[in-house]
Amino acid sequence: MKHVLTIAGSDTCGGAGIQADLKTFSAHGTYGMSVITAVTVQNTQGVFGCQDISPEIIRGQIDAIYSDIKVSGVKIGMVSQIETIHAIADKLEEHHATNIVVDPVMISKSGFDLMQPDAKDTLIRRLIPLAYVVTPNLPEAEVITGMKINDLSSMEEAARKIFAMGAKNVLIKGGHLEDDATDLLFDGEKIITLHSDRIATKNTHGTGCTLSSAIAANLAKGKSVEEAVCIAKAYITVAIEHSLSIGKGVGPTNHFYELYNKAGIWEEIKD
Ligand SMILES: Nc1ncnc2c1ncn2[C@@H]1O[C@H](COP(=O)(O)OP(=O)(O)O)[C@@H](O)[C@H]1O
Ligand SMILES: Cc1ncc(COP(=O)(O)O)c(N)n1
C-alpha cells in the first residue's frame, strides 16, 4: 500500500481540507497522513475563524513523517501565510519530496480568505516550481497569471503561463465556468481537455481538495500524470453526482467506495 501525505488546513465539518483529502486517499486504497497548516472554524455555511499553526510545528510535522515513513505522493492545500509556505518548501526540498500536487487554495466557496493575499508571490516563487501538478481553479489561475479567464482558449493561455513559472504539469479546473465543467491539462507539450457535464447541485464543498488528493493518490500508485488526472476527474464527478445534503449550506462530496463500484470506475481506482 502506498503512503500519501496531505499538507493542508482542517475543515471542522469534514467536507474540504485535510478531512476530504484523507477520505479520498482511503477510497483510493492508499494510506493517508497529514501535516496540518491551520485549523479553520467552518461548516457548510461558511468559515468563521482560523488559527494558523506555527512554522516550527509545521516543520516538525514534516520531519516526523519523512524521518520515519516513505512518502509516495504529497498534496498541498491551504497555506495561509508567507512563513507557512517557506516552512513547507524548505522541508520538502530538504527531504527530496516527489509527486507533489499543489492546490493553490485562496478563497473558500463561502468567500473567506484561506490564503492571505500578500502570500501570493511566495506561493508562486516557492511552491509552483516544486509542483509536479498544480491545480488552480479559474479565480486562482486569474490571480496567479493576472489575466481574465473564462473559456478554453484563455484556460490554455493561463496553463502555458503557469507552466513557465516552473510547474511540470498544469491543470486548470473548470468548475467555475458557465457551461460544462471542463478541465484543461498542459504537460509542457500537449493540451488535454477533461470534460464533464455540469451536475446541477449546490453541494460542491471540497471539490478542489478531493480532485487534487485523488491526483496525488494516483501518482503515488505509479500512474502517469495523464492517467492520474483522468481517474481523478472520474472520481470527482461521481463524488459530486452523489454529493451529500449535509448541513444548511454547501454540502460535501461523497467518498463512499460502493459508489465507485456502481459507477464502474472501481477497477481503475483500486489498483
Ligand atoms: N457542478 C459541477 N459538475 C461537475 N463537475 C464539477 C462541478 N463543479 C466542479 N466540478 C469539477 O470539480 C473539480 C473541482 O473544480 P472546482 O470546483 O473548479 O475547484 P475548487 O473547489 O478549487 O473551486 C473540477 O474537476 C471541476 O470540473
Ligand atoms: C481547510 C480548507 N481547505 C480548503 C478549502 C477549500 O474548499 P472550497 O473551495 O470547497 O471551500 C476549505 N473550504 N477549507
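Visitor: Which helices each supply at least two residues of the shell around ligand 1?
Guide: In this predicted model, H7 and helix H8 (225-241) each give at least two residues to that shell, and the largest share, 4 residues, comes from H8.

Visitor: And which residues come nearest to ligand 1?
Guide: Of the 18 residues around ligand 1, those that come nearest are Asn137, Gly175, Ala181, Ile199 and Gly208.

Visitor: What is the make-up of that shell by class?
Guide: The shell around ligand 1 has 9 polar, 5 nonpolar and 4 charged residues.

Visitor: Now ligand 2: which residues come nearest there?
Guide: There are 19 residues around ligand 2, of which Gly9, Ala16, Gly17, Ser108 and Lys109 come nearest. The elements that give two or more residues to this shell are strand S1 (3-11), strand S2 (31-43) and helix H7 (207-220).

Visitor: Which element gives the most?
Guide: S1 does, with 4 residues in the shell around ligand 2. By class, that shell has 11 polar, 6 nonpolar and 2 charged residues.

Visitor: Changing topic, at what angle do H5 and H6 pack?
Guide: Helix H5 (residues 138-145) and helix H6 (residues 152-164) pack at an angle of about 55 degrees, and their axes are 10 Å apart. That angle makes H5 oblique to H6, and the crossing of the two helices is left-handed.

Visitor: Which residues meet there?
Guide: From H5, Ala141, Ile144 and Thr145 meet Ala158, Lys161 and Ile162 of H6. By class, the contact of H5 with H6 has 4 nonpolar, 1 polar and 1 charged residues.

Visitor: Backbone next: what is phi of His96?
Guide: Phi of His96 is near 50 degrees, a positive value in a residue other than glycine. As background, most residues other than glycine have a negative phi. His96 is placed in the loop between helix H3 (82-94) and strand S5 (100-102).

Visitor: Is His96 buried or exposed?
Guide: His96 is exposed, because 7 other C-beta atoms lie within 10 Å, and a residue counts as exposed with 12 or fewer.

Visitor: What about phi of Asn99?
Guide: Asn99, although not a glycine, also has a positive phi, of about 50 degrees, and Asn99 is found in the loop between H3 and S5.

Visitor: And is Asn99 buried or exposed?
Guide: Asn99 counts as buried, because there are 24 C-beta neighbours inside 10 Å, where 20 or more is the cut-off for a buried residue.

How values were computed
Residues are numbered from 1 along each chain as its sequence is written. Chains are lettered from A and ligands numbered from 1 in the order in which they are written. This is a predicted model: local features need pLDDT of at least 70, side-chain atom pairs count only at pLDDT 80 or more; totals for chains, interfaces and linings use all residues. A residue is near a molecule or strand if its C-beta atom, placed from the backbone, lies within 6 Å of it. Ala, Val, Leu, Ile, Met, Phe, Trp, Tyr, Cys and Pro count as nonpolar, Asp, Glu, Lys and Arg as charged, and the others, Gly among them, as polar. Axes are lines fitted to C-alpha atoms, for helices over the stretch in contact, and angles run from 0 to 180 degrees between N-to-C directions. Angles under 35 degrees count as roughly parallel, over 145 as roughly antiparallel, 65 to 115 as roughly perpendicular and the rest as oblique. A crossing is left-handed if the near helix is turned anticlockwise from the far one by less than a right angle, and right-handed if clockwise. Two residues are in contact if their C-beta atoms, placed from the backbone, lie within 7 Å.
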